[in-house]
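Please read it alongside the sequence and the coordinates displayed below.

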Amino acid sequence: MNDIVTAIRTVPLEHYVMLSFVLFSIGMAGAMFRRNTIIVLMCLELMFNSVNLLLTAFSAHHGDPGGQVFVFFIMLVAAAEVTVGLAIVVMMKRNVDSVDINQLNRMRG
Amino acid sequence: MQILFYLFAAVSILSALFVVAAKNPVNSVIALIVCFLSIAGHYILLNAQFLAVVHVIVYTGAIMVLFLFVIMLLNLNKSTEPQKSMATRIAAVIAGGLFLLTLLGAIKDGIGIADPDVYDGSVGLVKSVGTSLFTEYLLPFEVSSVLFLSAMIGAVMLGKKDTSPQPLSSGEGQNAADRA
């Protein structure tokens, strides 16, 4: 088992942190960049995944399985969120015949 | 090992950029699948075998297929794609870049957490994650099933056709339902 540990530690933790920062920033910029609601949902998935990657990297470097259980729960929540989100998109297309996210500002009261 | 990490990192960043930049939503979905597969590769490099398998099954197998189905159902393509103005796009790119700079600036002196001396090499295998999930995190695991139930009910409620009489076009749907 010791060689696995040394193999994991050949890549420094900082690089995983930087990678997940880059992915998160791309997801955040994408959510502002696009108007298609489905693409915005996909950018949300991208941000979820960068956080998942960060949690897994910390968990693997510190030998604590708790972080990976959290990633599992985040995946569950993401799956539930996508189901409801896509149902809302389908309903939006049916009612206003568009997937433009700016159409949703009609909801404001 | 290190080469693989940088390869997967490059693939995931490039495909993530393509998700945002692609004009056609179907191309975005394909790029996101590539991105998720490279992230699964990262999980394998981190010896998180359980998560790698679950990630491929849940994300690339279920969620992305759902996205593709909805895009096909709504018949979205390049011509129906709503476009933002150039000023908004430039603002979005600048905001994302500044956010990235802030985050990177926060860790420029290192993250300041040392790796522990004693290390359990079985972390990330199915046995270790499963033991943790069914002892320490049993209650959240059970509660998440309730979350799934409510998400399922919510999706069905949102997705079914609205049969209540509309305030503007009143009567027609109701009469048809009565006759039936």
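B:N47 is found in the loop between helix 2 (25–45) and helix 3 (49–74) of chain B, helices being DSSP runs (H or I, at least four residues) numbered from the N terminus. This residue has a positive phi of about 65° although it is not a glycine. With a relative accessibility of 9%, B:N47 counts as buried; buried means under 20% relative accessible area, exposed over 50% and partly exposed in between, for a 1.4 Å probe and protein chains only.

The model is predicted: local features need pLDDT of at least 70, side-chain atom pairs count only at pLDDT 80 or more, and totals for chains, interfaces and linings use all residues. Residues are numbered from 1 along each chain as its sequence is written, chains are lettered from A and ligands numbered from 1 in the order in which they are written, and side-chain values use heavy atoms, with hydrogens and water left out.

**Helix 4 of chain A and its end**

- Helix 4 of chain A is followed by A:D97, which has a positive phi of about 55° although it is not a glycine.
- A:D97 is exposed, with a relative accessible area of 58%.

**Salt bridges**

- The count comes to 2 salt bridges over all chains, where a salt bridge is a side-chain nitrogen of Lys or Arg within 4 Å of a carboxyl oxygen of Asp or Glu.
- One salt bridge joins the side chains of A:R35 and A:D100, at 2.1 Å from N to O.
- A:R35 lies in the loop between helix 2 (13–33) and helix 3 (37–62) of chain A, and A:D100 in the segment after helix 4 of chain A, so this pair ties together parts that are 65 residues apart in sequence.
- A:R35 counts as buried at 18% relative accessibility, and A:D100 counts as buried at 7%.
- A salt bridge also links the side chains of B:K108 and B:D109, at 3.8 Å from N to O; B:K108 and B:D109 are both exposed.

**Nonpolar core**

- The largest nonpolar core has 71 residues, and those with the most contacts inside it are A:I38, B:Y43, B:M64 and B:F67; such a core is a set of buried Ala, Val, Leu, Ile, Met, Phe, Trp, Tyr and Cys residues joined through side-chain atoms within 4.5 Å.
- Helix 4 of chain A gives the most to this core, with 12 residues.
- The core draws at least three residues from each of domain 1 (1–80) and domain 2 (125–162) of chain B, with domain bounds taken from an automatic or database domain assignment.
- Not counting residues up to four places away in sequence, B:M64 touches B:V29, B:L32, B:I33, B:F36 and B:Y59, contact meaning heavy atoms within 4.5 Å.

**Interface of chain A and chain B**

- 76 residues of chain A are in contact with 82 residues of chain B.
- The area buried between the two chains is about 7300 Å², of which carbon and sulfur atoms give 78%; buried area is the accessible area (1.4 Å probe) that two parts lose on being put together, summed over both.
- A:F33, A:M42 and A:M75 supply 9% of the area that chain A buries against chain B, more than any other three residues.
- Across this interface, the rule finds 0 salt bridges.
- A:N49 lies in helix 3 of chain A and is buried, with a relative accessible area of 0%.
- Not counting residues up to four places away in sequence, A:N49 touches B:F36, B:I39, B:Y43, B:H55 and B:Y59.

Notes: Helices (H or I, at least four residues) and strands (E, at least two) are DSSP runs, numbered from the N terminus.
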